[in-house]
Structures are given as structure tokens and as C-alpha cells.
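Please have the sequence and the model open while reading.

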Amino acid sequence: MKKPMRMREIVVLRVVSRVLMPYIMLFGLYVQFHGDFGPGGGFQAGVIFSAALILYGIIFGLDAVQRVFTPFAVELCMALGLLLYAGTGLVSFYKNMNYLDYDVFGSHGQHYGILLIEGGVGITVASTVLMIFYAFAGRWRVSQ
Amino acid sequence: MPFPTEVFLFLVLIATGFMVARATNLFAAAMLTGVFSLTSACLFTVMDAVDVAFTEAAVGGGFSTVLFLGALALTSRTEKKQPAKLYPFIIVLLTGIALIIGMINLKPYGDHNAPIHNHVTEKIKQKEWAAVKRSTRPDRQTATATPHDKAVGLPNIVTSILGSYRGYDTLGETGVIFTAGVGVMLLLMGRRRDDEEPGGAGSSEAPSHDQEPAPDELEPSGIANEPTAADVQTDEEPLS
């Protein structure tokens, strides 16, 4: 505390976080698409995926993350995921079926439908978690 | 022998809870809440609720701890000494007693006769298992599918129930998450947007009841501890 040291100057943190980050993101995608067969799903995958970015943001600073995932794009994704979910339900109206009836998508319709809505959940959760982190981390800079 | 494991985890959970309540060092308290979440994630895994454990570990152990640390960066590291009060203790005690009274009528843990195992869940489980067997082992065609036992057919029943049987609920949950994110943005990011985009749409929300801010002065002067735009640009350190 006496001598403030930036986290990106600590070699262990810098190297380990850089090495771990792609694997955390890969694991997030695995949880996302393996949710049909094992534990997991869009919600968990979204949190894990954004955890990688939050780790990066904590160590390398908010600007480094926001260069890749700009706040505007994250805002957009928040709404996009929810719209993807709600829009999946609208497709079934074309064939006079109930809202969110995945049988519109053919014989394996349930699989495709769940894949789509889990994608929507994942996008919304990941971007919302990232956005909350942005909101908090933006305040840290203010409080020096 | 699953029983001692659960008792052990419960004891760790209770001990961690007491330590969180007793800790005056807020950094330690934030870390202990992470320990609490991870312990409950272990407990959920032991209880075969892997999906719940997954969520608890990711959100409770990871993200909440980061948020606690973020809040901690805004305040001091130690809690102010406060005299022990009787009134909150009585409320906590009454709540605990109410919870224990509510628990009395529950079936014991792991009881197969519990209502949760005997109503819709059992029917859905049978239907889904039949569908999974049909799709994974087409050679062992024991029974052909009829329109009556139409099923989702995913090996993970939790995903089937969340995505298809309870699709509306999950849509609502996603909406709740979206709304929470929008709420946090409104609370924490509104003024920052003014800083970065002078003359933007949000500039009208600056509180101007007592005095009218000058056009070049973007920050309302009534709020202390709010730096100017220059401070925000230069100071980059995320965690001091």
C-alpha cells in the first residue's frame, strides 16, 4: 500500500492472465454449446466468458478492454441477446403455432430452438456482466 | 458416505458466515463471501445440483467478489466501530425462528417421497429419458414415438426444462438480467456520459435546481468528490 504498483507491472499477474484468458473464453464457449449435454448453459457461459474479460480489465486497465469491446457494442449486445430470444419465439407465429414453440424448426427443432435461445441468454448475460463491470470500474478511476 | 461431507461443508458455511459478520476488515469480508459462495457451490455439487453449483461458483464466487472489491475501492478498507445493537439482533433471531418453523414440515433431505420427486418432474423425466434412448440407440427400438410422448430429447434435462418446458420463465429471467444491467448503467454511468460527450442527450439530467451550471462547466458543483473530465482522462489506474 505504501508504494502503489500497477498490476500490469507485476510479471506473474501479467503472464498468467495472458496465458489463462483464451482458455477461460474457450471454456465459456464450451459451457455455452455443451449445455445440451452436460451441466451449463447460456447463463453460466456468459458469466465465464465475461470473467476472462474482467480479469483482463482488472490487470491491464479498463481502456485495454474497452478498446476491443467498446461500451457501445456491449450496450448493443445486451439488447441483441434479449431480442434474439424473443425473436426466436416470434418465428413460430408464421406457422400458427404457440409462442416459443421450437417445433417450427423441423424434426430437430427443439435442439435448434434451445441453441438459439441459449445463445441469446449467453450474449445478454455476458454483455450485462461486462457492462456492470465497466460501470463499477469507471468509478474506480474517479476515486483515484 | 455422503452424509459427513455435507455436515462438514455446512459447518464450514456457518463458520464463514460468522466470520463475515464479525470481520471489521472489509477486504477480508469480501474475500470471505467468496469463500462462502465456493463452499455452497461444493455443497450443491455434493447434492447433485451441478448446474446450480456452476452458477454459484461463477456468479457468487467470481463476479460478486469482483463487485465487492469494486465497491471497496470506493470506500475505506475497515469498518467503523459500531456499538452492538439489540434491535437488529432481534429481527435476525425472529427471521431465523420463522425459517426453522417453516422447515419443520419439509421432508428429510434425500427422501424419495418428497413432493418434488412425485409430480410433474417424474413424468417429464420418464418422457425425456425415453426420447434420449430413442435418439442415441436407434438399434434398440423398444418403443416407437407417438405424438403423445413428444419430448425435447436433450440429454441434460435441466436444459430441456429451462429452455423448452419453462421457455417463458427463462425469457423473463433474461429480461430481468437486461433490466438489472440497464439499471446499473442508469445509476452509475449517466454522468460519465456527459463528460465524454459534451452537449449530448444526457446533459439535461444534471441537477440544476439550486444553480444553473455554466455551459463550459460540465460537472454540477453541488456534488463533492466528483472530478473534472481532465482527472478522468489522466488517471488510469484501475485498482489503487
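How are α6(B) and α7(B) oriented relative to each other: roughly parallel or roughly perpendicular?

## Helices α6 and α7 of chain B

The model is a predicted one. In chain B, helix α6 covers residues 120–136 and helix α7 covers residues 157–165. Their axes lie 11 Å apart and meet at an angle of about 105°. An angle from 65 to 115 degrees counts as roughly perpendicular, so α6(B) and α7(B) are roughly perpendicular to each other.

On the α6(B) side, the contact is made by I124(B), K125(B), K127(B), E128(B) and W129(B). On the α7(B) side, I157(B), S160(B), I161(B) and Y165(B) take part. By class, the residues of this contact are five nonpolar, one polar and three charged.

## Helices α2 and α3 of chain B

Another pair in chain B is α2, residues 26–46, and α3, residues 50–72. The packing angle here is about 175°, and the axes are 8 Å apart. Because of that angle, α2(B) is roughly antiparallel to α3(B).

The residues that α2(B) brings to the contact include L26(B), F27(B), A30(B), M31(B) and F44(B). The contact of α2(B) with α3(B) divides into 13 nonpolar residues, eight polar and one charged.

## Where chain A meets chain B

At the interface, 56 residues of chain A are in contact with 52 residues of chain B. The two chains bury about 5000 Å² between them, and 70% of this area is on carbon and sulfur atoms. Polar contacts between the two chains join 12 residue pairs.

Four helices of chain A each supply at least two residues to the side that touches chain B: α1 (11–33), α2 (42–60), α4 (71–91) and α5 (109–142). The largest share, 21 residues, comes from α5(A). Sorted by class, this side of chain A has 34 nonpolar, 13 polar and nine charged residues.

Terms used:
Residues numbered from 1 in each chain as written. Chains lettered and ligands numbered in written order. Predicted model: local features only at pLDDT ≥ 70, side-chain atom pairs only at ≥ 80, totals over all residues. Heavy atoms only, no water. Contact = heavy atoms within 4.5 Å. Buried area = accessible area lost by both parts, 1.4 Å probe. Polar contact = N/O pair within 3.5 Å; in protein donor to acceptor, adjacent residues only side chain to side chain. Nonpolar A, V, L, I, M, F, W, Y, C, P; charged D, E, K, R; others polar. Axes fitted to C-alpha atoms, helices over the stretch in contact; angles between N-to-C directions. Parallel < 35°, antiparallel > 145°, perpendicular 65-115°, else oblique.
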